[in-house]
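Please look over the chain and its fold before reading the notes.

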Amino acid sequence: MSGETKSGQTGEACAACDGREAGKGKPKFEYLQQNELSNVKRVVAVMSGKGGVGKSLVTSLLAVTFTRDGYQVGILDADVTGPSIPKSFGVKGRPEVVGEVLYPLRTACGIRVISMNLFLEKEDEPVIWRGPVISGAIKQFWTDVAWGDLDYLFVDLPPGTGDVPLTVMQSLPLSGIIVVSSPQDLTIMVVRKAIRMAEMMGVPLLGLVENMAYIVCPQCGEKIYAFGAPQGKTVAAETGLELLATLPVDPKLAKLVDAGEIEECDQSGLEHLPRILDAKLDGKSLS
Ligand SMILES: Nc1ncnc2c1ncn2[C@@H]1O[C@H](COP(=O)(O)OP(=O)(O)OP(=O)(O)O)[C@@H](O)[C@H]1O
């Protein structure tokens with residue numbers, strides 16, 4: 001689609017603006033139908049602008065927390081080229097395929113998981129696919145997977161604002177997005193890009209989780225700000241996002257992830273989030 005810009009220049013519309021004048025109106029996307037064997041009520045994507053800030057850990061902790069609270073939960077690992085969800089939960093094996101329907105694997109506590117890693121011969125095999133193929137796989141994880149009855153499906157996005165976040169925002173009926181950041185300046189700058197993308201795509205921003213904000217000294221309990229002062233409050237104030245949680249660097253969590261035992265964690269630091277998300281999404285179920 002082409003159009004004339006405010007300055008009178010004629011240009012191609014990008015996928016995000018869909019020809020709308022900047023900031024005006026909501027994009028209209030044809031969301032894909034979930035599988036007839038799925039009854040997913042809410043889909044929440046976890047996003048960050050930058051890699052390695054703990055997005056997958058936060059996704060895993062959200063799933064664990066909501067499951068402990070009695071919710072039916074699934075994780076769609078949309079980080080196709082760098083999937084880490086199966087490893088955090090120690091989930092192995094191939095999802096069952098019946099006809100054209102895929103069945104997610106279950107973690108020890110019953111969280112349903114689909115990830116590209118589960119389809120590889122070896123877990124360290126790289127996925128070397130171009131964007132459109134990856135996007136196709138993500139769409140199939142929504143349309144072809146029998147998720148069953150789920151209160152929340154958490155989608156672990158890859159870092160950045162590229163093909164996959166775009167596909168997810170255009171194709172899945174997202175209830176909202178949680179943004180994960182860490183205190184370094186560069187991270188905050190790229191997080192702002194992620195926030196801006198979600199706004200342009202008309203997806204509700206549910207709030208911000210600042211990860212790795214501090215380390216607690218094991219001797220005296222003092223908080224050490226290894227990456228500089230936490231910036232969650234400032235970013236939240238500047239962007240209008242709610243600061244949902246501030247998480248420390250916790251070596252116990254890192255060990256549990258490495259052992260595939262994240263469900264064994266004592267505390268997630270996100271225990272208050274089921275109440276908050278339920279309130280924010282009250283009356284906004286897909287089914
Ligand atoms: N708060 C934390 N305490 C201890 N370790 C953490 C914490 N957050 C993340 N980690 C560890 O840091 C590493 C990177 O985290 P994670 O994989 O969740 O990041 P990511 O943002 O999803 O990365 P990617 O860009 O690869 O998708 C992992 O080994 C994880 O266990």
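Strand β4 is mostly covered, with five of its five residues buried. A residue is buried if 20 or more other C-beta atoms lie within 10 Å of its own, exposed if 12 or fewer, and partly exposed in between, with C-beta atoms placed from the backbone. Helices (H or I, at least four residues) and strands (E, at least two) are DSSP runs, numbered from the N terminus. The model is predicted: local features need pLDDT of at least 70, side-chain atom pairs count only at pLDDT 80 or more, and totals for chains, interfaces and linings use all residues. Residues are numbered from 1 along each chain as its sequence is written.

- β4 (residues 73–77) pairs with β8 (residues 112–115) in the parallel sense over four bridges; two strands pair if DSSP finds at least two bridges between them.
- Within β8, Ile114 is the bridge partner of Leu76, and Ser115 is the bridge partner of Asp77.
- β4 also runs parallel to β9, and five bridges join these strands.
- On the β9 side, Val73 stands opposite Tyr152, while Gly74 has Leu153 as its bridge partner.

**The sheet**

- Eight strands make up an open sheet of mixed pairing, in the order β7-β8-β4-β9-β3-β10-β11-β14.
- Its edge strands, β7 (105–106) and β14 (243–246), each pair on one side only.
- Strands β3 and β9 (residues 148–156) run parallel and are joined by eight bridges; Val44 stands opposite Phe154 of β9.
- Strands of a sheet pair through backbone hydrogen bonds, either parallel or antiparallel.

**Helices on the sheet**

- Strand β4 pairs with β8 in the parallel sense, and helix α5 (residues 185–200) packs on the sheet, where α5 touches β3 (38–47), β10 (176–181) and β11 (205–210).
- Two residues are in contact if their C-beta atoms, placed from the backbone, lie within 7 Å.
- The direction of α5 makes about 175° with that of β10; axes are lines fitted to C-alpha atoms, for helices over the stretch in contact, and angles run from 0 to 180 degrees between N-to-C directions.
- Helix α8 (residues 273–280) also packs on the sheet, touching β3, β11 and β14, and its direction makes about 165° with that of β14.

**Ligand shell and annotated site**

- The ligand is surrounded by 21 residues, the closest being Gly51, Gly54, Lys55, Ser56 and Leu57; a residue is near a molecule or strand if its C-beta atom, placed from the backbone, lies within 6 Å of it.
- α1 (55–68) and α7 (251–259) each supply at least two residues of this shell.
- The shell has 10 nonpolar, eight polar and three charged residues.
- In this classing, Ala, Val, Leu, Ile, Met, Phe, Trp, Tyr, Cys and Pro count as nonpolar, Asp, Glu, Lys and Arg as charged, and the others, Gly among them, as polar.
- An unreviewed UniProt entry places the feature "binding site" at Gly49, Lys50, Gly51, Gly52, Val53, Gly54, Lys55 and Ser56; UniProt positions are given in the numbering used here, feature names are shortened, and annotations may be inferred rather than shown by experiment.

- Gly52 lies in the loop between β3 and α1 and is exposed, because 12 other C-beta atoms are within 10 Å.
- Val53 lies in the loop between β3 and α1, but is buried, because 24 other C-beta atoms are within 10 Å.
- Not counting residues up to four places away in sequence, Val53 touches Ser48, Val180, Ser181, Ser182, Thr187 and Asn211.
- Leu61, in helix α1, counts as buried because there are 28 C-beta neighbours inside 10 Å.
- Leaving aside neighbours within four places in sequence, Leu61 is in contact with Ser268 and Leu270.

**The protein overall**

- The protein has eight helices and 14 strands.
- Of its 287 residues, 41% are buried.
- Among contacts with a separation of 6 or more, 78% are between residues 24 or more positions apart.
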